[in-house]
Amino acid sequence: MRALSRERKKELLAYCLIAPVIIYLIVFMLFPFIWALWTSVTNRTIGGNADFVGIDNFVTLVRDRVFRQSVWNTIVYTLFAVLGKVVLGMIMALVLNAQIPLKNLSRVLLFIPWTIPTLVSALTWRWMYSDVGGFFNYILMSLNIVNAPVPWLYDPKLAMVSIIVANIWRGAPFIAISLLAGLQSIPEDYYEAAQIDGANAIIRFLHITIPSIKDVLILSTLITTIWTFNDFEIVWLLTGGGPGNATQILSTYGYTVGFMNLNLSKAISSSMIAMPFLLILVTIITNRFKKSEVD
Amino acid sequence: MKKRILALVLVSIMALSTLAACSKKDTTDEPGTGTKTPPAGGASDGTAETPDGQRELTVWLQRVVNETTNNMIEARVRQFGEENDVTINVELIPYENMMPLWTSGIEAKTLPDVSFMQYQEAGRFYEQGLLTDVSDVIATIEEANGPIIEALKGPTTFGGAQYAIPQRFFSVAIHYRTDMLEAAGFNAPPATWDEFREIAKATTNPSEGIYGAGIGLGATNSDAEWLNQVMLWGLGGAIIAEDSQTIIANSPETVAALDYMSQIYLEDGSTPPSAVNWDDAANNTAFLTGQSAMVGNAGTLLAAIRADDPELYDVTGIAQIPAGPAGFFAPSAGGYLGIFNQSKNQELAKELLAYLFDYDWYKSWIDVEVPSIIPVFERSKDEPEWQDPLTRPFIESMDGVTFIGYPGEFTPKAGEVFNLKLLNETMANIVVNGMTPQEAADILQEKVEAIFNK
Amino acid sequence: MKKIKLSNVLITLLLLLLVIVSLLPVYWTLNTSFKVNSEIYNMKPSLWPKKPTVQSYIDLVVKRNFLPSLWNSFFVSFIVSVGSVAISAFAGYAFARLDFRGKQILSNSVLYSYLMPRSVLFIPLYMLVTTFGLRDNLMGLIVIYPTITIPYATWMLTSYFRTIPLAIEEAAEIDGCGRIRSMIQVVFPLAKPGLAATTIFAFTLCWSEYMYALVIITRSETRTITLALANMVVGDVFAWGPMMAGSIVATIPILLIYMISSKNMVSGLTVGAVK
């Protein structure tokens with residue numbers, strides 16, 4: 001009896017604690033979500049009336065070659081950018097957690113890419129990639145590594161690589177600092193004990209470091225994935241989706257359709273179409289997360 | 001225990017309500033914000049007066065590169081407010097940022113009283129029934145200043161009435177390097193596209209990274225879309241036929257023109273390799289850095305050279321865009337001013353528009369940016385500022401100003417085709433993706449038809 | 001002994017490499033911000049300014065009145081990051097430590113709300129802000145920026161809280177602490193590095209947000225830094241000098257905050273010692 005009431009109390013406490021977050025999200029996210037869901041099944045243009053058209057928008061989208069290409073591009077972009085950010089971020093975190101000179105300064109310096117407003121850093125990258133007056137081509141040509149400018153942003157394949165690199169550069173510090181906070185809560189004596197047992201660096205990394213920061217790692221990866229998936233500014237400012245749609249991703253596609261062309265419902269549909277897949281992805285990952293809790 | 005929970009909940013509620021209270025307070029404090037309740041509302045969404053009875057106007061103007069011009073027009077609007085006892089909310093916003101602003105303004109019914117727009121948007125806004133008839137303002141202005149160039153009024157005239165007033169135009173001309181052309185044996189700029197190609201080839205020197213033709217393509221590049229469009233017209237091609245309805249994007253003439261245009265990239269190799277994905281600023285950069293001998297651009301480029309690079313200025317020449325067998329065509333990019341009919345202060349808004357066209361002030365404002373900005377009055381051509389060889393071609397280009405949709409009328413659908421930069425895409429399909437001009441034209445035809453059949 | 005030294009050298013070299021990669025675009029930004037315009041546009045870029053000038057910075061402050069927007073951004077980012085981390089911390093604690101019905105679905109839906117891109121969400125959120133009468137008002141941004149920070153902060157903090165050994169909290173409870181007291185006095189202090197990191201990131205998310213600010217703010221008095229910077233991207237000739245100077249100036253406050261708070265992140269080192 002007493003235990004039950006304790007459980008109740010705990011539950012009540014939990015609801016009180018999460019209430020502000022949930023209420024806020026209901027007000028500010030549920031309404032937009034319902035609005036978007038409704039708009040995606042109408043033929044609404046900006047400022048126009050809305051008639052219910054069912055799944056027409058989705059059918060049109062799937063038939064659109066450019067849309068299909070954007071889906072593929074989005075997958076490639078997200079996959080490689082996230083992979084790059086996680087690997088680079090992990091390396092950064094480990095280095096920052098090691099015995100290094102000027103520890104605090106290094107930590108600040110590696111953090112800088114994340115602090116520059118994307119608007120400007122994207123334009124800076126575009127310029128550095130430029131064939132005239134661009135830093136990379138100037139260096140490569142001065143060192144006689146190449147004798148013609150590398151087409152960073154205007155070769156269809158290379159353009160994708162270039163925007164991924166810019167995205168990794170900007171996003172890696174997020175992973176790094178998140179992991180660093182996790183790394184620092186690993187008690188020193190775990191490592192000492194392992195070292196005494198004769199475990200080498202790799203074994204220590206796999207058996208102590210990774211399990212201890214697994215949660216933070218999974219989570220920061222998941223959040224980065226969502227951010228990367230919805231990234232707009234870097235792609236828009238670096239290539240605008242070109243050349244010839246080679247870097248068109250869902251967010252730039254939606255923006256072009258919706259706001260250059262005022263086709264609101266189609267634009268919204270193009271971002272809603274990805275929702276089920278993202279929902280599944282998030283659910284799978286968060287369920288794993290829950291499992292690790294049970295362990 | 002329970003007390004603690006209670007305290008916690010109370011604290012959260014208090015925090016939230018403070019936030020809400022703050023925001024409420026701010027609403028009543030600031031007349032510029034819009035609400036649905038009359039007493040606190042802004043002029044833009046329903047009410048004409050602030051709580052203390054002051055009349056109010058919200059004005060969105062185009063921010064351009066030149067800060068002096070921006071400051072002058074902002075001061076002018078504020079002066080109108082002072083003289084007429086009107087509260088003014090004036091903002092200068094880059095055109096690039098306008099789309100999301102207009103979009104959300106339309107959706108939430110929070111549009112300003114007066115806004116700049118290009119004729120492409122004016123057409124859409126008119127179709128959506130958002131604009132006020134300003135024919136009477138134009139009549140007043142023309143009575144005082146003489147006629148506005150007739151052609152400029154065309155695309156914002158619907159059913160005999162005018163829905164936006166042309167305010168200033170950005171004419172495009174070829175900027176060329178006199179020294180590079182002379183070194184290649186040419187004493188005059190190209191007058192036709194054939195000459196353009198010839199000079200471009202002669203001035204190209206890939207080993208030094210110099211390319212004669214500073215023209216490009218790009219998914220977001222409106223400069224490039226314009227140059228492609230006028231080239232297509234000059235070469236006898238078109239996307240939309242004279243009846244403003246039939247799509248002729250894969251007609252033999254158009255395919256031939258596309259073929260001709262793509263040869264500049266593929267056969268002549270006289271464009272920089274990066275040109276296939278240029279943005280609006282890239283052709284400027286190409287000229288400013290010396291990468292290109294000839295680029296087509298508005299006078300903003302000449303102004304930048306004059307301000308920052310005297311050496312380059314000495315070897316810069318200006319010429320009209322080359323003509324083709326079908327004639328001379330110039331892009332039509334210009335700013336118009338319109339009044340949204342949600343405005344409750346329409347008469348006041350009209351007075352403001354007339355005030356911005358007071359000739360002496362108007363001229364002093366335009367003169368700051370000769371030749372980047374072209375005045376809209378017939379008489380301006382005779383003003384001394386436009387007699388210089390570096391400025392004359394800009395104002396003379398106005399004779400060839402052609403609106404989207406040519407040889408048909410400008411229609412919002414045609415505007416949509418332009419906004420999607422479909423010509424850039426078509427050219428990219430040929431130049432980057434290796435399609436034949438016919439294949440690319442067929443895709444273009446299909447896409448444009450889809451827009452027209454919607 | 002030798003072995004340790006070698007690995008230290010390697011790590012230092014690696015660090016150097018990382019720093020170089022991170023700072024390359026920053027160096028380019030700095031370099032450009034001290035150049036005159038004719039030097040900025042050059043086929044062969046100069047690797048350091050030949051005629052260094054601070055004109056861009058003067059322009060930025062005097063002509064373009066950049067400083068008020070710094071304050072606006074700071075004001076919004078500070079309130080939103082601290083506020084949303086505060087309420088997310090409570091929720092995060094509940095998700096990490098307490099069992100209750102609907103926990104899984106509730107915690108998941110916090111993330112689900114994160115899936116829609118801003119390039120679409122701005123329309124409904126703008127309408128919402130307009131209905132509240134908060135257009136052209138920093139309060140409008142303060143009200144909607146938590147949509148960017150709360151889902152992230154809630155989940156991050158949940159995971160940080162879970163790295164804190166349960167035993168510590170149980171010990172506190174045995175000592176007679178209530179749940180709430182052990183949360184505030186034991187768990188939160190131990191999670192300080194996580195709290196600090198989350199706040200910093202929430203702060204920078206608001207600091208560099210552009211899309212929402214663009215539609216909600218039009219008046220120049222309420223402009224945030226991203227809007228001020230975007231105003232330099234006009235037409236086809238960008239104001240590269242002031243824009244680069246602006247991004248340097250905009251970065252400094254964040255770095256200062258980060259430096260100050262990185263002390264807090266270090267204090268997490270004592271976690272193990274508490275046992």
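**Notebook: a three-chain look-up**

Entry 1: I began with B:K109, which is partly exposed, having 16 other C-beta atoms within 10 Å. My scale, with C-beta atoms placed from the backbone, calls a residue buried at 20 or more other C-beta atoms within 10 Å, exposed at 12 or fewer, and partly exposed in between. I noted B:K109 for its backbone: phi is near 55 degrees, a positive value in a residue other than glycine. I found B:K109 in the loop between α3 and β3 (114–117) of chain B. Helices (H or I, at least four residues) and strands (E, at least two) are DSSP runs, numbered from the N terminus.

**Entry 2: reminders to myself.** I am working from a predicted model, in which local features need pLDDT of at least 70 and side-chain atom pairs count only at pLDDT 80 or more, while totals for chains, interfaces and linings use all residues. Residues are numbered from 1 along each chain as its sequence is written, and chains are lettered from A and ligands numbered from 1 in the order in which they are written.

**Entry 3: an asparagine for comparison.** I then turned to A:N144, which is not a glycine but has a positive phi of about 60 degrees. A:N144 sits in the loop between α6 (135–142) and α7 of chain A. Is A:N144 buried or exposed? I have A:N144 down as exposed, with 7 other C-beta atoms within 10 Å.

**Entry 4: chain B in outline.** For chain B I listed 19 helices and 11 strands. Of the 454 residues in chain B, 55% are buried. I also looked at contacts, meaning C-beta atoms, placed from the backbone, within 7 Å. Among contacts in chain B with a separation of 6 or more, 74% join residues 24 or more positions apart.

**Entry 5: cis peptide bonds in chain B.** I looked up two prolines here. The bond from B:V370 to B:P371 is cis, with omega near 5 degrees, and B:P371 lies in the loop between α15 (359–367) and α16 (392–396) of chain B. The bond from B:Y406 to B:P407 is also cis, with omega near 0 degrees, and I placed B:P407 in the loop between α16 and α17 of chain B.

**Entry 6: where chain B meets chain A.** I found 35 residues of chain B in contact with 27 residues of chain A. On the chain B side, α1 (2–29), α3 (98–108), α11 (282–288), α17 (412–419) and α18 (422–431) each supply at least two residues. By class, I sorted that side into 17 nonpolar, 13 polar and five charged residues. Nonpolar here covers Ala, Val, Leu, Ile, Met, Phe, Trp, Tyr, Cys and Pro; charged covers Asp, Glu, Lys and Arg; the others, Gly among them, are polar.

**Entry 7: where chain C meets chain A.** How many residues does the contact take from each chain? I have 84 residues from chain C and 81 residues from chain A. Helix α1 (residues 2–33) of chain C gives the most to the chain C side, with 13 residues. That side of chain C divides into 55 nonpolar, 23 polar and six charged residues.

**Entry 8: inside chain C.** Seven residues of domain 1 of chain C and six residues of domain 2 of chain C form their contact. On the domain 1 side, α1 and α2 (37–40) of chain C each supply at least two residues, and α1(C) gives the most, with four residues. I sorted this side of domain 1 into two nonpolar, four polar and one charged residues.

**Entry 9: the nonpolar core.** Of its 306 residues, A:A176, A:L179, B:A164 and B:L353 touch the most other members. Helix α7 (residues 156–184) of chain A supplies the largest share, 16 residues. Leaving aside neighbours within four places in sequence, I found A:A176 in contact with A:G89, A:M92, A:A93, A:L96 and A:L110.

**Entry 10: a helix pair in chain A.** Last, I checked which residues of α2(A) meet α12(A), and noted A:N57, A:F58, A:T60 and A:L61 against A:S265, A:K266, A:S269 and A:S270. I counted two nonpolar, five polar and one charged residues in this contact.

Conventions:
Contact = placed C-beta atoms within 7 Å. Core = buried A, V, L, I, M, F, W, Y, C linked by C-beta atoms within 7 Å.
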